[in-house]
Amino acid sequence: MTVADTAALTYDNRTAFAEELLEIARVDERVVAVCNDSVGSSNLVGFRQEFPDRLINVGIAEQNMVGVGAGLAAAGLIPFVCAAGPFLTGRSLEQVKADVAYSAHNVILCGMSPGMAYGELGPTHHSVEDLSWLRALPGLDIVVPADRHQTRQAVRQAAAEPRPTYLRVGRHKVPDVTAPTDPLERGRFLLARDGGDVTLIGTGTLVSRTLAAAALLAADGIEARVLNAAYIAPLDVEAIRAAAAQTRAIVTAEEANISGGLGAAVALTVAALGRGPVVRALGLSEFAPTGSNDLLLEHFGLTAPAIAAQAREALAG
Amino acid sequence: MMTAHAPQVRAWRETRTAVETASPTEQAALLAEQSRLIRRSVLAMIGRAKAGHIGGDFSVTDILATLYFGVLRIDPARPDAPVRDRFIMSKGHCAASLYSVLAYSGYFDPAELDTFMGPYSALNGHPNRTKVPGVETNTGPLGHGLPVAVGEALGTRLRGHDSRVFVVCGDGELQEGSNWEALMSAAHYRLANLTLVIDRNRLQQGARTEETNALDPLEDKLAAFGWEVREADGHDHAALLGAFAPGAGPRPVAVIANTIKGKGVTFIEDRVEWHHKVPTPEQIDLALKELA
C-alpha cells in the first residue's frame with residue numbers, strides 16, 4: 001500500500017466509538033448505554049446484542065433520556081447517553097445544564113453525527129450550535145476527537161475517570177491524524193505539526209483539513225503550526241498563549257457556529273493578552289443551504305485551500 | 001460540603017425507632033410533631049430570608065416528615081452509602097421544607113438553616129447536591145426530578161440493590177412534558193421500586209391547576225400510563241405511611257397526595273397569593289401561634 005493509498009483511507013468515528021464502548025463494557029459492568037431510539041444510528045446494535053439489560057432505549061424522549069442518564073450515574077453506573085447531536089443538546093439543553101453539569105452527575109453525553117454530517121437533511125438535523133451552547137456550561141468537558149484513535153481514547157478515558165462530558169462522535173469519514181499511541185490529555189491540544197509563521201487550530205473533522213492547508217502553505221514557504229483541539233473544554237489556554245507569542249496569526253476552523261465555539265474561545269484568550277496576533281475564526285454563521293456534508297464544508301470555506309487562503313490573508317495583515 | 005451532625009443523627013434515630021415500634025396512633029402523633037417542627041422552621045427561614053415558597057413548603061411538609069421519619073431506609077451519617085433509599089424533591093422551589101427535614105434528620109447541623117438564601121450559604125433557594133448532603137440531584141426548573149428518579153430506579157435495580165426511589169412532584173409541575181416521557185419509561189421498565197408522590201394542592205403559581213391546564217382526571221391518566229395509582233390525604237400521616245408501602249409490582253406506584261397549599265396556617269391555606277408571598281413579622285407571630 002502506497003502513502004497515497006493510506007491518505008485516502010477514511011473512517012467513521014462511530015465505528016471506533018461502538019467497538020471501544022463494547023470492549024470496556026465487557027470489563028466494567030457499570031458501563032451502560034442510553035439512547036433515544038437511535039440504536040442503529042448510534043451504532044449500538046452490537047452492544048444491545050451482548051448486553052441487552054444495559055442498553056436503555058427510552059424511545060424518542062430526549063429530556064427523559066438525559067435525566068435518566070443522570071439518575072443512572074447517581075446510582076453508581078457509567079452511562080454513555082447516545083443520540084444525534086442536535087437533539088441531544090438542543091432538545092435537552094436544560095437537562096444537560098441542571099441534571100448533568102450543575103448536578104455534577106458523571107454522564108458521558110455522546111453527540112452522534114455532529115456538525116453537518118446529515119447534509120441534505122438540513123439545519124434541523126445539523127449540530128452546529130452544540131459547542132456554543134455547551135461551552136456556556138461550567139463543569140462540562142467537551143471532547144471532539146479528530147479520528148478513530150482519539151475516539152477510542154476518549155471513550156476509554158471517559159469510562160476510567162467519568163465526569164460530566166460531552167463527546168462529539170463524528171460520522172463524516174476522516175483520515176487518521178494521530179497514531180493509536182498519541183496521548184489524549186484532558187484539557188490539552190495536540191501538536192499535529194510545528195511551525196513558526198501561523199497557527200491553525202482545527203477541531204474534529206477540520207483537523208485533517210487544517211493539516212492539508214499547512215501542506216499547501218509549506219509549498220509557499222509558510223510554516224504553519226497545527227493544533228488538534230480535541231478538548232474544547234477545559235481549554236488549552238497555554239497552547240493558545242504560546243501560539244499568540246510565537247506565530248503571527250491564528251486561524252481556527254470548526255464544523256460549528258463561530259458565535260461561541262472554538263474560535264470564540266481562542267479569540268477571548270488572545271484578546272485577554274492585551275496584544276497578540278490577528279485571530280480568524282472559520283465556521284458557520286448562518287443556517288446551511290441544501291447540500292451534502294462535503295458541499296457544505298466547501299460552501300462555508302472549510303476546505304484546505306480556503307483555510308490556507310485565510311492564513312495567507314491573515315499574515316498579510 | 002456540609003457534614004452530618006452527630007447529635008441530630010442520634011435524635012433522628014431515636015425518633016425513627018420510636019415510630020417503628022409505636023402503635024398506629026402513636027406513629028401519627030410522632031410524625032405530626034416532626035411536621036410541626038418543620039413548619040416552624042420553614043416560617044423562621046422564610047421570615048429571615050424574606051424569600052421562599054411557603055405555600056408549597058407547607059403542602060409537602062407532612063409527606064416529607066412521613067418519608068424521612070417513617071419510611072426511607074437511609075443513614076444521614078452516610079449520605080453516599082451505595083445501597084440506600086433515595087429521595088428526590090422535584091419541586092425544588094420548596095427547598096426550605098427539604099432543608100429542614102434533612103437537617104432534622106442529621107444530614108447537617110440545623111443551625112445552618114439560619115443561613116437559608118444568605119450570601120454564600122450552601123442553602124440556595126433551590127437545592128444543590130454538591131453543597132447539601134442528602135440532596136440527590138439539583139432541581140429547580142420543573143420536570144427534572146422524575147426522569148432522574150427513573151434513572152436511579154433503573155440503576156439501583158441493575159446494580160442488584162434493594163433500594164426504593166421516591167420523588168415528589170408538584171401537581172402543576174405535571175404540566176411539563178418531560179414528566180410524561182418519564183411516566184412512560186417507568187411503566188415500560190416496570191420500575192416497581194419507584195414511587196412518585198404528587199403533591200396535589202390544586203394551586204400553581206398563578207391560579208388553580210384546573211383553571212390553567214387541567215390535570216384531572218389525573219388518576220385515570222396515570223393508570224392509563226401503566227402506574228399503580230393510590231390516593232391519600234396528604235396531611236394524614238397514617239394514610240401516607242400506608243400509601244408509601246411497596247407496590248405489589250411490577251408497576252411503579254403513583255401516590256396522589258391530596259393536600260392544601262399552605263396547610264397549617266389558616267390565613268395561608270389554599271390561597272394562590274401565598275405561592276411565594278413572604279409573611280410580615282406580625283404574620284409570622286400569628287402563624288407560630290397556630291403551630292405552637
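The structure is a predicted model, in which local features need pLDDT of at least 70, side-chain atom pairs count only at pLDDT 80 or more, and totals for chains, interfaces and linings use all residues. Residues are numbered from 1 along each chain as its sequence is written, chains are lettered from A and ligands numbered from 1 in the order in which they are written, and side-chain values use heavy atoms, with hydrogens and water left out.

### Salt bridges

A salt bridge is a side-chain nitrogen of Lys or Arg within 4 Å of a carboxyl oxygen of Asp or Glu. By this rule there are 38 salt bridges over all chains.

| Glu210(B) | Arg200(B) | 2.8 Å |

Glu210(B) forms its salt bridge with Arg200(B) at 2.8 Å between the closest N and O atoms. Because Glu210(B) belongs to helix α7 (residues 209-212) of chain B and Arg200(B) to strand β3 (residues 194-200) of chain B, the pair ties together parts that are ten residues apart in sequence. Helices (H or I, at least four residues) and strands (E, at least two) are DSSP runs, numbered from the N terminus. Glu210(B) has 29% relative accessibility and so counts as partly exposed.

In chain A, salt bridges that share partners join Glu19(A), Glu20(A), Glu23(A), Arg152(A) and Arg156(A) into one network.

### Buried residues and their contacts

Glu129(A) is buried yet has no salt bridge, and the nearest side chain of opposite charge, Arg168(A), is 7.8 Å away. For charge, Lys and Arg count as positive and Asp and Glu as negative, while His and the chain ends are not counted. Glu129(A) is located in the loop between β4 (108-112) and α7 (130-135) of chain A. Apart from residues up to four places away in sequence, Glu129(A) touches Asn257(A) and Phe287(A), where contact means heavy atoms within 4.5 Å.

Phe69(B) is part of helix α3 (residues 54-70) of chain B and is buried, with a relative accessible area of 1%. Beyond its neighbours within four places in sequence, Phe69(B) has contacts that include Trp12(B), Leu31(B), Val101(B) and Tyr104(B). The C-alpha atoms of Phe69(B) and Ala18(B) are separated by 9.5 Å, although the two lie 51 residues apart along the chain.

Ser35(B), in helix α2 (residues 24-49) of chain B, is buried at a relative accessible area of 1%. With neighbours within four places in sequence left aside, Ser35(B) contacts Thr61(B), Asp62(B), Ala65(B) and His237(B).

### Pockets and cavities

On a 1 Å grid over the protein atoms alone, a cavity is a set of points where a 1.4 Å probe fits but cannot get out, and a pocket is an open set with protein on both sides within 12 Å along at least five of seven lines; lining residues have an atom within 4 Å of a point. Grid points are joined across faces, edges and corners, and a volume is the space filled by probe spheres set on the points.

The largest pocket has a volume of about 440 Å³. Its lining comprises 26 residues, with Ala73(A), Ala74(A), Asp80(B), Arg84(B) and Arg129(B) nearest its centre. A search of the whole structure finds three cavities of 30 Å³ or more. The largest cavity has a volume of about 130 Å³. Among the 17 residues lining the largest cavity, Pro114(A), Arg168(A), Gly170(A), Gly204(A) and Thr205(A) are the closest to its centre.

Technical notes. Buried < 20%, exposed > 50% of the residue type's maximum accessible area, 1.4 Å probe, protein only.
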